[in-house]
Amino acid sequence: MGFNNPYALGLLPLLGLIILMYMLKQQHEEMEISSLYLWNKVLSQSEVKKPWQKLKNNILMLMQLMAAFLIIMALANPFITKGKTLGGNVIIVIDRSGSMNAYHEGRTRLDIAKAMAQKAINESGKSSVFTLISVDKTAKVEFSGVTDKNEAIKAVEAIEKTNMSGSVKENLSLIKAVYRQFESANVLIYTDEEMELDDMKGEVIALGGYGSNVGIGHISYSEDGDAYTVLVRVKSTSQEPENRELALYGDDKLLALKDVKLAPGESSSLLFDGIRRGYRYIWAELTEEDALQEDNRAYLVLNSTEKKSVLLFSKKNVFVEKALSSIEGLEVYKTDDVSIRPEGYDLYIFDGITPTSFPNDGSLFFINPDESNPYFKSGKTIEGGRADMLNHDLNRNIDGFSFYISKIKNMERPYWADALIQVGNNTVAGAGIYGGKKIAYMAFDIHDSDFPLDASFPIFMYNMATYLTDMEEQGKNFYFSGETIPLNFISSIQGTEMEHPDGKKTSISEDLLDYGYSDTNSIGIYKLSYKKDDNAGEKIFAVNFPPEEGNKAFQGQWEGEKETGNGRGYTLMGMNLQIPIIIFVLLLLAAEWMVYIRGI
Amino acid sequence: MGNGIFEPEFLKRLERLSLNMEKLTGAGSGGLRKSKAKGSSVEFSDFREYSYGDDLRRVDWNAYGRFEKLFVKLFMEEREAMVNIFVDCSRSMDFGTPKKSVMGIQLAAAVAFLALNNMDRLCINLLKKDAMVSSNVLGGKGQFDICASFLDNVGFEGTTNMDKAIKLKKFGGRGLSLVISDFFIQGSLEDLMKYLMFYKQDIVFLHILSPQEMNPELHGQVRLKDSETGEMVDVDITPSINDKYQKTLKDFKASLKELTKKYGGTYVTISSADSLEKILFEDMIATQIIK
């Protein structure tokens with residue numbers, strides 16, 4: 001039994017007032033009469049006939065006490081529980097993280113959780129109000145305050161599986177916040193995670209338990225001359241020894257097969273060497289079906305092996321050399337001979353040197369140009385000042401940074417160039433395309449500034465190099481389901497479209513590229529197609545099942561057959577008692593009136 | 001209380017009445033009073049002053065000659081009838097609006113007047129606690145003043161043990177015993193009745209109740225205090241209790257009536273709110289106590 005308005009119970013001390021009033025009322029009005037002769041006969045007769053007559057006053061008082069008590073109870077709006085019947089505010093929490101995809105006797109834990117939740121909804125009382133929360137990497141309130149059972153059941157059915165890593169425990173604060181919205185509520189949490197409800201009323205339906213499962217915990221590769229060596233680590237979460245066959249694929253071609261024996265809880269690393277180059281991605285698969293299928297495959301994108309070549313004309317600039325050499329995928333060559341006619345490089349950098357003739361191919365990067373060239377005019381040296389990094393795509397991750405320059409070249413910004421760095425009104429760095437060539441410049445000597453000491457310098461150099469050489473950002477070899485894939489690795493791409501492993505295609509607006517791509521629930525290879533400078537481009541990403549979901553999936557208890565509300569006898573609202581109590585109070589008052597008037 | 005309590009007109013009406021001794025003594029009892037008109041053939045007993053309505057033939061002309069006043073001769077034979085009036089002087093009688101005591105005294109005076117007026121011998125007995133205060137034996141109309149002054153000084157106190165008190169009375173012979181009381185007394189009246197019967201007394205019970213006793217207008221919870229004993233009782237007045245009271249009162253009156261009837265007596269219930277005229281000229285004539 002519980003109360004919807006327990007504050008009304010604070011009126012209970014008023015019952016004492018009734019008793020007090022009776023005590024005061026017991027002061028009979030004293031009257032002198034001639035003789036008690038007749039009255040004694042009347043009273044003795046009454047007492048003889050009805051022994052309880054003496055109690056009559058008390059009966060009236062007891063009836064009034066009971067009536068007052070019941071009125072207070074009615075105000076408190078009590079309810080009684082009706083066994084297994086669910087009622088009141090019911091918060092249903094369904095864990096749909098990756099581990100809930102584990103199978104139990106032919107059905108996934110998520111399917112069982114959904115069926116149990118639907119059964120609970122179906123068997124609940126008429127007055128029930130439902131709130132549904134699904135938990136994957138975050139908790140999401142699917143609906144709140146729904147009284148229509150069919151609607152609630154449909155919404156539970158619509159909860160889809162995910163491969164994400166997630167924890168109900170970590171999202172308990174949100175569940176508690178929802179719980180506290182109600183005066184009283186019951187929480188039903190369906191999860192395979194071992195957890196407690198803390199101070200919330202309700203129960204956790206544990207859907208963990210053991211199963212036969214081996215999963216791929218890690219996949220990586222290393223370059224070994226002209227070949228790759230691929231490492232795959234597998235881990236058993238079974239209680240029994242397991243034998244498995246691991247297949248390795250290059251793109252869609254089977255490359256190798258290996259058998260592995262695992263003791264309970266054991267993990268083993270398998271090496272596949274001599275994998276020749278030429279594949280865009282590698283993937284490994286445990287061929288045997290087990291309790292959790294999703295962790296049986298893992299993908300790996302191989303980095304592009306193409307290197308960009310850079311020719312640096314410089315007398316000596318250790319800062320620039322260091323910055324360039326740290327960029328992976330770049331081959332830097334250096335010379336101070338201005339008379340050569342270079343050819344075949346992706347980028348030419350002129351640091352304080354102007355060549356006698358300019359190359360026909362590749363991009364150009366001028367640092368502190370000492371004289372004018374066909375692309376812009378150099379100017380006199382003037383006093384510098386604070387240099388600000390402007391908001392520009394080529395200044396990504398460093399816009400807003402600033403450093404100081406003592407001397408700058410007072411040169412006019414060419415019309416084709418975008419301003420990147422400014423000192424006052426002077427543009428000291430810019431970039432753009434002129435005559436089909438990508439050209440960038442810096443109108444100051446790096447040695448005359450504290451730029452190299454600033455964290456923005458290597459990033460600026462990286463941005464320049466990738467822009468001028470069209471070098472792609474390599475990115476991670478794989479992501480986990482639910483993780484966001486960053487898409488700002490290449491600038492100025494258009495017509496972007498992501499193809500999911502299941503073939504689904506999603507267009508991505510240019511404005512949203514900076515936010516990355518977060519619809520990564522499916523496991524496998526994602527293909528991003530785009531257009532850049534009228535050329536079609538494509539980049540692939542691998543998304544794998546988070547191994548911690550596999551590791552924690554086979555722990556804890558299994559309560560899939562649990563009868564909700566019966567297991568631990570926790571209370572669930574059933575019938576509201578307010579109306580019956582009010583009716584009883586009215587009957588009681590009528591009876592009291594009869595007792596008083598009739599004097600029975 | 002003085003003689004003045006009775007209006008002259010009322011007295012005139014009273015004078016036409018007398019105690020109905022035939023009825024009271026019963027038919028064939030051979031009572032001593034054979035005639036209302038006082039006889040002339042028996043032993044002379046006394047004189048009394050002539051009053052209007054007396055038989056002129058019985059005027060003692062010799063006495064008239066000596067005293068120049070008209071006297072009527074009374075004879076011993078006619079004064080054999082002895083009227084005893086017993087008035088309950090307990091405190092309970094001093095209650096009610098109007099008070100039962102007032103009505104009791106008035107009734108006693110009226111009956112005394114009737115008795116004296118009709119040449120009966122009269123004794124008024126005031127019952128107080130276990131004892132009795134008795135007047136002298138009065139006879140003759142002229143002694144009504146004595147009777148009135150005796151009744152004038154009555155106080156109503158304590159409880160009355162009627163049985164014990166009346167038994168102190170030594171009856172000289174046959175007569176009429178008229179008891180005026182509310183009969184709220186302890187103990188049985190049976191013994192008393194037997195005692196009175198033994199002394200050949202004709203018994204009349206004048207049962208006086210106040211309107212408040214006949215219809216108590218009480219409400220709610222009251223603590224009733226007995227005026228005589230000081231005893232207190234808490235009563236929750238309900239319609240049911242009121243019904244029971246009425247039934248008890250009715251039973252009480254019926255038992256008294258039954259008791260008096262059993263011993264050949266007469267019982268009359270009188271409300272202290274009733275007028276004396278109504279009681280005398282209606283109730284008591286109706287029950288043939290007086291005629």
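Which residues does Val235(B) touch, not counting residues up to four places away in sequence? In this predicted model, for which local features need pLDDT of at least 70 and side-chain atom pairs count only at pLDDT 80 or more, while totals for chains, interfaces and linings use all residues, the contacts of Val235(B) are with Trp39(A), Leu43(A), Val222(B), Leu224(B) and Ile241(B). Residues are numbered from 1 along each chain as its sequence is written, and chains are lettered from A and ligands numbered from 1 in the order in which they are written. Two residues are taken to be in contact if their C-beta atoms, placed from the backbone, lie within 7 Å.

Val235(B) belongs to strand 10 of chain B, which covers residues 232-237; helices (H or I, at least four residues) and strands (E, at least two) are DSSP runs, numbered from the N terminus. Val235(B) is buried, because 21 other C-beta atoms lie within 10 Å, where a residue counts as buried with 20 or more other C-beta atoms within 10 Å of its own, as exposed with 12 or fewer, and as partly exposed in between, the C-beta atoms being placed from the backbone. Although Val235(B) and Arg223(B) are 12 residues apart in sequence, their C-alpha atoms are 6.2 Å apart in space.

The contacts between the two chains involve 28 residues of chain B and 23 residues of chain A. On the side of chain B that touches chain A, the elements giving two or more residues are strand 9 (220-226), strand 10 and helix 9 (239-262) of chain B, and the largest share, 8 residues, comes from helix 9 of chain B. The residues of this side of chain B divide into 11 nonpolar, 7 polar and 10 charged, with Ala, Val, Leu, Ile, Met, Phe, Trp, Tyr, Cys and Pro counted as nonpolar, Asp, Glu, Lys and Arg as charged, and the others, Gly among them, as polar. In strand 9 of chain B, Asp226(B) stands opposite Ile33(A).

Chain B as a whole contains 10 helices and 11 strands, and 39% of its 291 residues are buried. Among contacts in chain B between residues at least 6 apart in sequence, those that join residues at least 24 apart make up 76%. A cis peptide bond, with omega near -5°, leads from Thr97(B) to Pro98(B), and Pro98(B) lies in the loop between strand 3 (82-88) and helix 4 (100-117) of chain B.

In chain A, an open sheet of 5 strands has the order 8-7-4-9-10, with mixed pairing. Strand 8 and strand 10 (202-206) of chain A stand at the edges, each with a single partner strand, so one side of each has no neighbour in the sheet. Neighbouring strands of this sheet are turned by 10° against each other on average, direction ignored; axes are lines fitted to C-alpha atoms, for helices over the stretch in contact, and angles run from 0 to 180 degrees between N-to-C directions. Strand 9 and strand 10 of chain A run parallel and are joined by 5 bridges, with Val187(A) opposite Gly202(A) in strand 10 of chain A. Helix 4 of chain A (residues 109-122) packs on the sheet, where it touches strand 4, strand 7, strand 9 and strand 10 of chain A, and its direction makes about 160° with that of strand 9 of chain A.

Helix 6 of chain A lies across strand 4, strand 7, strand 8 and strand 9 of chain A, and runs at about 165° to strand 4 of chain A. Within helix 6 of chain A (residues 172-180), Leu172(A), Ile175(A) and Tyr179(A) are buried. Seen down the axis of helix 6 of chain A, the buried residues fall within an arc of 60°, so they line one face of the helix, the arc being that of the directions from the helix axis to the C-beta atoms. The face turned away from the buried side of helix 6 of chain A carries the exposed residues Ser173(A), Ala177(A) and Arg180(A).

Methods: Pairing = 2+ DSSP bridges.
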